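Hello,

Here is the structure I promised to pass on. My notes follow below it.

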Amino acid sequence: MLLQNESFTLLSNVIPSGWNDKAVDKTEKQTKKQSFAEVKSLTTKYITNTSVVAALLATITFAAAFTLPGGLSNDASDTGLPIFARKAVFQVFLISDTIAMCFSLAVVFLSILATWEDLDFLLNYRKTSRVLMWCAYGTTSVAFGTGLFTVLAPKILWLAILILVLCIILPFLSIIIGEWPEIMLRCRLGRQFRQDLARNIYSS
């Protein structure tokens, strides 16, 4: 689809000015029509893959909430409470783990509704589920890093910091890798790049 964007942009700049508007409108309509036609054929596979990954993340984060880093306290005053309950990094672990689980469950629920095969809902589902999955993925990574940091920091601080930094950087690095084709297209086309057309392509 990015190649269509590039071809359309280059074509619109070489067509004479008198024909440019008609060519742009015709090409853009054809691109949108083809994009919409591909939605239903891709939706089944997309829903299956997304729901499986979301269910896996939900299972992992749910289990992590009941297998707390450091275990539970045996003190008479704090019986049953997590040992690191008062540490800020542990609280970040709990918050990020909860967000990841909730967003993952939301995607699983939306994947059930997506079987309605309503076109408008499917388009909205793909955009919404993508955002939710990125958030779930990022907060899961943060939860993993903060959980290990809580356990390792008292004994091996440098390793705990290294793991935490890697876990925080990973979601941003993944976004860059995922957007790399569009980034390269922007570099090749410069000011000729059509962001509005790219948005229509990605939304479909």
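**Notes on the model**

UniProt, in an unreviewed entry, places the feature "transmembrane region" at residues 46-68, 88-110, 131-150 and 156-178. UniProt positions are given in the numbering used here, feature names are shortened, and annotations may be inferred rather than shown by experiment.

This is a predicted model: local features need pLDDT of at least 70, side-chain atom pairs count only at pLDDT 80 or more, and totals for chains, interfaces and linings use all residues. Residues are numbered from 1 along each chain as its sequence is written, and side-chain values use heavy atoms, with hydrogens and water left out.

**Overall**

The protein has seven helices and zero strands. Of the 204 residues, 36% count as buried. Buried means under 20% relative accessible area, exposed over 50%, partly exposed in between (1.4 Å probe, protein chains only). Take contacts between residues at least 6 apart in sequence: 68% of them join residues at least 24 apart. Contact means heavy atoms within 4.5 Å.

**Two annotated spans**

Residues 131-150 are 100% helix and 0% strand, with the end C-alpha atoms 28 Å apart. Residues 156-178 are 96% helix and 0% strand; here the end C-alpha atoms are 34 Å apart.

Helix α5 covers residues 157-178. Its 22 residues reach 32 Å from first C-alpha to last, close to the 32 Å expected at 1.5 Å a residue. That expected span is 1.5 Å times one less than the number of residues. There is a kink of about 30° at L170, shortly before the proline P171. The bend is the angle between axes fitted to the seven residues ending there and the seven starting there. P171 is also one of the buried residues of α5, with A160, I163, L164, C167 and S174.

**V151**

V151 lies in helix α4 (residues 119-152). Leaving aside neighbours within four places in sequence, V151 is in contact with P69 and G70. F90 is 61 residues from V151 in sequence, and 9.3 Å away C-alpha to C-alpha.

**Confidence**

Mean pLDDT (the predictor's confidence in each residue, from 0 to 100) is 76, and 64% of residues reach 70 or more. Helix α3 (residues 88-113) is highest, at a mean of 90, and helix α7 (residues 195-203) lowest, at 48. Over residues 198-204 the pLDDT is below 50; this stretch has 16 contacts in the model beyond near neighbours in sequence. Where pLDDT is low, the predicted coordinates should not be read in detail.

Best wishes

Note on methods: Helix = DSSP H or I, 4+ residues; strand = E, 2+ residues; numbered from the N terminus.
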